[in-house]
2 protein chains.
Amino acid sequence: MASRDVAIVGAGQAAFGEREEGARGLFAEAVRECFASVDKGVSPGAVEEAFIGSMAFGGGQLGNLGPGLVEQVGLSGIPVRRVENACASSSFALRDAYLALRSGGVDVALVAGVEKMTDLGSERQRYWLGVSGDTEWERLAGTTFPGTYALMARRHMHEFGTTRDQMALVSVKNHGNAALNPKAHLRKAVTKEQVLRAPMVAHPLGLLDCCPVSDGAAALLLVRGERAQQFTDSPIRIRASAAASDHLALHDRPTITTLEATVRAGREALRQARLKLSEVDVAELHDAFTIAEIVALEDLGFCPKGEGGPFSDTGATQRDGEVPVNPSGGLKAKGHPLGATGAGQVAELWLQLRGQAGGRQVSGAEVGLAHNVGGSGAACAVHILSR
Amino acid sequence: MASRDVAIVGAGQAAFGEREEGARGLFAEAVRECFASVDKGVSPGAVEEAFIGSMAFGGGQLGNLGPGLVEQVGLSGIPVRRVENACASSSFALRDAYLALRSGGVDVALVAGVEKMTDLGSERQRYWLGVSGDTEWERLAGTTFPGTYALMARRHMHEFGTTRDQMALVSVKNHGNAALNPKAHLRKAVTKEQVLRAPMVAHPLGLLDCCPVSDGAAALLLVRGERAQQFTDSPIRIRASAAASDHLALHDRPTITTLEATVRAGREALRQARLKLSEVDVAELHDAFTIAEIVALEDLGFCPKGEGGPFSDTGATQRDGEVPVNPSGGLKAKGHPLGATGAGQVAELWLQLRGQAGGRQVSGAEVGLAHNVGGSGAACAVHILSR
């Protein structure tokens with residue numbers, strides 16, 4: 001690999017779910033698994049710098065969380081910072097590590113994401129979830145995230161004829177995949193009827209259209225291309241790291257059926273990778289709500305605008321379909337520990353591209369795409385990886 | 001300038017102090033001044049990416065703060081993230097932008113820091129300040145930041161004979177400098193007697209040994225070296241960007257009279273810059289408490305360990321001394337809006353190295369050093385700049 005290439009040589013995840021461990025324990029678990037996954041081994045002392053994505057959900061260690069985490073795994077001393085972009089925090093941590101490695105100033109970097117969400121009561125959870133949306137016009141007016149995405153879903157139904165059945169199929173697929181993922185929060189298949197009959201959260205989104213509140217952590221070991229062979233003969237190359245932002249509040253955007261940040265980041269990622277979307281073999285998309293996967297399919301260009309519902313309906317996004325989406329189970333069923341989600345998507349792709357994804361393996365996957373959104377679309381990062 | 005060099009071509013600050021504006025307004029004020037400071041002008045559209053340091057003190061917009069800020073200055077759309085390392089947040093944002101520019105993937109980046117602190121009542125302020133120290137063993141046991149630094153001060157007095165008079169002189173010097181800085185929070189000179197007789201906060205630190213709680217923002221425009229001439233004929237070059245971490249809790253460190261993160265980052269910065277400390281003409285050091293400036297002088301190597309007090313006593317750190325320290329007034333008197341402090345230090349050096357620091361100008365300053373600490377030393381970043 002060329003010196004300006006960046007390779008992922010290790011990946012680990014603390015299982016997503018309602019966990020007994022706190023943020024520090026979850027972080028250490030993911031990092032230990034990451035280190036253990038390095039084919040030729042790695043000494044923690046090789047890590048030169050760390051980039052950690054987290055919302056610091058619930059408070060506690062809102063300042064200097066980075067140093068407080070790396071000392072758990074014997075890395076006290078190295079430069080570390082927390083990177084925050086709500087639900088996309090660790091994808092931006094990944095981007096910053098990627099840029100640092102490409103600068104030549106850092107050879108080996110740890111990227112991690114962590115979130116401990118379940119310790120809070122539901123009122124505090126609502127507060128901490130709300131603060132990733134627009135505070136002034138949305139949260140303080142009573143809008144929650146299911147409410148925000150419900151607005152998008154209803155408009156999408158109105159403009160394009162998308163149906164609840166089509167959304168439900170996203171949930172059925174992702175739950176089915178999660179059932180095969182030992183790191184997933186909701187490891188159970190659901191039927192379309194169960195999704196449609198689940199308690200309503202914010203019409204048209206029922207309980208099974210919404211991701212759960214999860215604890216979790218994920219870690220990735222990145223090295224400069226020229227160092228990759230030292231750690232593994234099967235590195236995964238980061239072909240593109242692209243990102244964009246958008247207005248926080250929905251009412252400031254020209255449309256709510258497109259996430260413009262996804263469109264921009266997706267386009268830029270393909271340009272960087274010099275790939276066509278048709279060359280992507282597997283994708284982890286940000287499906288905090290079922291409608292979000294449908295909109296992401298359109299915004300990234302897997303299908304034309306408005307056709308995400310029918311496209312899903314054809315089975316194209318199934319594990320054996322044209323473009324398998326969320327083999328991990330996605331945010332919907334694998335779980336969504338905010339700051340850990342992005343790094344977790346990439347950890348899944350790392351397994352998929354190395355053929356190590358067990359029962360949920362996408363056959364012959366060589367190119368993977370991870371799409372991670374902050375809040376209701378105010379931030380987006382897209383990474384493309386390949387063998 | 002070479003293509004891998006990174007130049008600062010603009011800098012701006014919202015005055016530190018108790019301000020009416022919220023975080024968004026303070027940020028916009030600093031960015032507008034930054035853009036206006038660019039000698040040959042800049043169109044906001046030139047900015048490709050933004051790195052924003054903030055604790056998001058007080059909450060409100062704890063998630064996606066970055067997108068919520070850049071949309072205030074017409075930059076919605078660009079990639080942006082919040083970088084957090086407590087009081088050193090924007091120095092790490094600066095480091096990340098520096099690495100991004102050196103990667104070649106970004107040509108023009110905005111670095112900013114912002115904090116709105118004064119809107120909270122004192123109890124909430126104490127919580128938000130406390131969460132940058134160790135939560136489990138320090139904050140929940142009742143330790144505050146003045147208490148933490150008081151422990152360091154008392155131990156320093158015990159080990160090295162440092163006196164309250166010596167600490168007081170740090171305050172006198174920095175207040176004297178702040179009186180000449182229109183952006184400073186506490187623009188008034190104080191006498192040694194006033195410092196010594198001020199109400200005790202945590203012995204031996206009195207009120208005038210402690211930095212104030214301030215609102216503020218600062219912004220820097222960074223470009224790749226080869227682009228610098230497009231913006232100014234007087235760019236300031238970033239010669240080094242170094243950082244380190246340490247254990248969060250004081251009791252985990254082998255000594256509390258040295259901040260090991262400062263030692264490491266300082267040494268690495270000089271190595272990168274290929275400079276001797278004696279070549280530094282002006283320094284902005286992290287003086288959240290007077291003892292902190294004394295310890296930083298030692299840890300960076302301006303004087304031997306234990307001699308920071310006597311060294312200050314000689315007048316060496318005065319504006320016309322051997323190594324002028326904190327001509328801005330420092331955290332002590334310019335103010336300490338956590339996330340804004342690091343970028344503010346660099347904005348001061350930018351003025352100093354361009355000879356634009358007015359009444360507090362350090363004569364003939366060509367090389368400047370900025371030293372910014374997170375919490376009680378869990379994180380540290382050191383940057384060296386030159387004309």
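These questions and answers cover cores, backbone features and helix packing in a predicted model.

Local features need pLDDT of at least 70 and side-chain atom pairs count only at pLDDT 80 or more, while totals for chains, interfaces and linings use all residues. Residues are numbered from 1 along each chain as written, chains are lettered from A and ligands numbered from 1 in written order, and side-chain values use heavy atoms, without hydrogens or water.

User: How many residues does the largest nonpolar core have?
Analyst: A nonpolar core is a set of buried Ala, Val, Leu, Ile, Met, Phe, Trp, Tyr and Cys residues joined through side-chain atoms within 4.5 Å. Buried means under 20% relative accessible area, exposed over 50%, and partly exposed in between, with a 1.4 Å probe and protein chains only. Phe27(A), Leu110(A), Leu221(A), Phe27(B), Leu110(B) and Leu221(B) have the most contacts inside the largest core, whose size is 84 residues.

User: Which residues does Phe27(B) touch beyond four places in sequence?
Analyst: Contact means heavy atoms within 4.5 Å. Residues up to four places away in sequence are not counted for Phe27(B). The partners are Ile52(B), Leu69(B), Val70(B), Val73(B), Leu110(B), Ala112(B), Val114(B) and Ala217(B).

User: What is the omega of the peptide bond from His203(B) to Pro204(B)?
Analyst: Pro204(B) is in the loop between β5 (200–202) and β6 (205–206) of chain B. The bond is cis, with omega near 10°.

User: Is Arg274(A) buried or exposed?
Analyst: Arg274(A) is not a glycine, yet has a positive phi of about 55°. Its loop runs between α9 (260–273) and β9 (282–284) of chain A. Relative accessibility is 77%, so Arg274(A) counts as exposed.

User: Is Ala56(B) buried or exposed?
Analyst: Ala56(B) also is not a glycine and has a positive phi of about 55°. Its place is the loop between β2 (49–53) and α2 (65–70) of chain B. Relative accessibility is 5%, so Ala56(B) counts as buried.

User: What is the handedness of the crossing of α5(B) and α10(B)?
Analyst: Axes are lines fitted to C-alpha atoms, for helices over the stretch in contact, and angles run from 0 to 180 degrees between N-to-C directions. Helix α5 (residues 145–160) and helix α10 (residues 290–300) of chain B pack at about 60°, axes 10 Å apart, which makes α5(B) oblique to α10(B). A crossing is left-handed if the near helix is turned anticlockwise from the far one by less than a right angle, and right-handed if clockwise. The crossing of α5(B) and α10(B) is left-handed.

User: Which residues of α10(B) meet α5(B)?
Analyst: Tyr149(B), Ala153(B) and His156(B) supply the α5(B) side. On the α10(B) side are Ile291(B), Ala292(B), Ile294(B), Val295(B) and Glu298(B).

User: Why are α6(B) and α10(B) described as roughly perpendicular?
Analyst: Angles under 35 degrees count as roughly parallel, over 145 as roughly antiparallel, 65 to 115 as roughly perpendicular and the rest as oblique. Helix α6 (residues 164–178) of chain B and α10(B) have axes 8 Å apart. Their packing angle is about 100°, so α6(B) and α10(B) are roughly perpendicular.

User: Which residues of α10(B) meet α6(B)?
Analyst: The α6(B) side holds Gln166(B), Met167(B), Val170(B), Ser171(B), Lys173(B) and Asn174(B). They meet Thr290(B), Ile291(B), Glu293(B) and Ile294(B).

User: Which residues beyond four places in sequence are in contact with Thr290(A)?
Analyst: Thr290(A) is in helix α10 (residues 290–300) of chain A. Thr290(A) is buried, at 0% relative accessible area. The contacts are Met167(A), Val170(A), Ser171(A), Leu205(A), Leu208(A) and Asp209(A).

User: What separates the C-alpha atoms of Val70(A) and Phe51(A)?
Analyst: Val70(A) lies in helix α2 (residues 65–70) of chain A and is buried, at 0% relative accessible area. Among the residues it touches are Phe27(A) and Ser245(B). Phe51(A) is 19 residues away along the chain, and the C-alpha separation is 9.9 Å.

Notes
Helices (H or I, at least four residues) and strands (E, at least two) are DSSP runs, numbered from the N terminus.
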